[in-house]
Amino acid sequence: MASPKYLTGDKAAINAFIDQFDTFLFDCDGVLWSGDHVFDGVPETISMLRSRGKRTVFVTNNSTKSRDEYVKKLTNLNIPAEVEDVFGSAYSSAVYISRILDLPPNKRKVFVIGEAGVERELASEGVAFVGGTDERLRRDITPADFQGIADGSLLDPEVGVVLCGLDFHINYLKLAYGLHYLRRGAVFLATNTDSTLPMHHDLFLGAGSVMVPLANATGRQPLELGKPSQAMMDAIEGKFHFDRSRTCMVGDRLNTDIKFGVDGKLGGTLHVETGVDKKEDWEKADAIAVPSFYVDQLSDLRHAA
């Protein structure tokens, strides 16, 4: 396997890299920003790529925000964007449930472990749901809960899917509901399985860590609908009609972003060193994926001649 080409500081190589692609798929957390801090030079870099006729699409595994909310965040960080420029794992999950998953007529509700972003995208696709941000579930479990969940009297008989995303209010009660819906035959889905989330220049628990108790208790792994799932790649390709050979995935994680591009047979992948994984991670013998190119930070691309 060829070693990744280091682009930082090499104007000729940066120009050749940019000219090689028509479409750039950008991860967000760890690439464009950390929390609410946009990395220096990122807005100018996106603007430069667009000025050179490149299509920019923001592909995120963070399910806590809807596409509309991502547009607001991008705009507030001086990266102009429209809803059509964003493809998130919450939207990918909603599309899969509404348009692909063949559920019985009486089992079409979704039990959500996640935040409002998931709920908004489900609603946009006409998918009914329970759980999620329901304040009644943001408390300690009681003996009455144990009894009602066990005998089914507290369970919604129309739930046919458990969808697990990043939930900042995860607790035993929500997990108990999720477990018993799964034990009664619900389909197990995950917006994504990122173990961590880069925030405020550090790492916090990601959606993949939230769903571990359910996977452990049931012995089942969820179908993942975010990166590196190729179901997501197919959906993005169907929406944007890009040429895979002329498309580059830009990210900071090997097991999601870079693997997403490699498995999707894109023309190339670009790793940035501002997020989760570093150069030493892909140099390991058991590295899950190796990028085609890498830079210290995304804004290094601005230095094209």
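Tutor: Start with the lining of the second largest pocket, sorted by class: 8 nonpolar, 1 polar and 2 charged residues. Keep in mind that this is a predicted model.

Student: Which residues line the second largest pocket?

Tutor: The lining is made of F87, Y91, S92, V95, Y96, R99, I100, L225, A231, A235 and K239. The space in this second largest pocket comes to about 160 Å³.

Student: Which element gives the largest share of the lining of the second largest pocket?

Tutor: That is α4, with 6 residues. Both α4 and α10 supply at least two residues of this lining.

Student: What about the largest pocket: how much space lies in it?

Tutor: About 200 Å³. It is lined by 13 residues, and those closest to its centre are D134, R136, L137, L154 and Y177. Strand β8 (129–131) and helix α7 (172–183) each supply at least two residues of the lining. By class, the lining of the largest pocket divides into 7 nonpolar, 1 polar and 5 charged residues.

Student: How does a cavity differ from a pocket?

Tutor: A pocket is open, whereas a cavity is a space where a probe fits but cannot get out. In this structure there are 2 cavities of 30 Å³ or more.

Student: How much space lies in the largest cavity, and which residues are closest to its centre?

Tutor: The largest cavity holds about 150 Å³ of space. Its lining has 19 residues, of which D29, N61, N62, D194 and L197 are the closest to the centre.

Student: Which elements supply at least two residues each to the lining of the largest cavity?

Tutor: They are β11 (196–199) and α11 (254–263). The largest share, 3 residues, comes from β11. Sorted by class, the lining of the largest cavity has 4 nonpolar, 8 polar and 7 charged residues.

Student: And which residues line the second largest cavity?

Tutor: Its lining consists of N62, K65, S66, R67, G88, S89, A90, Y91 and E121. About 30 Å³ of space lies in this cavity. Helix α4 (residues 89–100) gives the largest share of its lining, 3 residues. The classes here are 2 nonpolar, 4 polar and 3 charged.

Student: Now a single residue. Which one does the UniProt annotation "binding site" cover?

Tutor: The annotation covers K227, and it comes from an unreviewed UniProt entry. Such annotations may be inferred rather than shown by experiment. K227 lies in the loop between β13 (223–224) and α10 (230–240).

Student: Is K227 buried or exposed?

Tutor: The general idea is that a residue under 20% relative accessible area is called buried. K227 has 0% relative accessibility, so K227 counts as buried.

Student: What is K227 in contact with, leaving aside its neighbours within four places in sequence?

Tutor: The contacts are D27, V59, T60, N61, D194, M232, M249, T256, D257 and F260. Two of these names, N61 and D194, are also among the residues closest to the centre of the largest cavity.

Student: How far is the backbone oxygen of V59 from a polar atom of the side chain of K227?

Tutor: The distance between them is 2.8 Å.

Terms used
Residues are numbered from 1 along each chain as its sequence is written. This is a predicted model: local features need pLDDT of at least 70, side-chain atom pairs count only at pLDDT 80 or more; totals for chains, interfaces and linings use all residues. Side-chain values use heavy atoms; hydrogens and water are left out. Helices (H or I, at least four residues) and strands (E, at least two) are DSSP runs, numbered from the N terminus. Buried means under 20% relative accessible area, exposed over 50%, partly exposed in between (1.4 Å probe, protein chains only). Contact means heavy atoms within 4.5 Å. A polar contact is a pair of N or O atoms within 3.5 Å; within protein, one must be able to donate a hydrogen and the other to accept it, and residues adjacent in sequence count only if both atoms are side-chain atoms. On a 1 Å grid over the protein atoms alone, a cavity is a set of points where a 1.4 Å probe fits but cannot get out, and a pocket is an open set with protein on both sides within 12 Å along at least five of seven lines; lining residues have an atom within 4 Å of a point. Grid points are joined across faces, edges and corners, and a volume is the space filled by probe spheres set on the points. Ala, Val, Leu, Ile, Met, Phe, Trp, Tyr, Cys and Pro count as nonpolar, Asp, Glu, Lys and Arg as charged, and the others, Gly among them, as polar.
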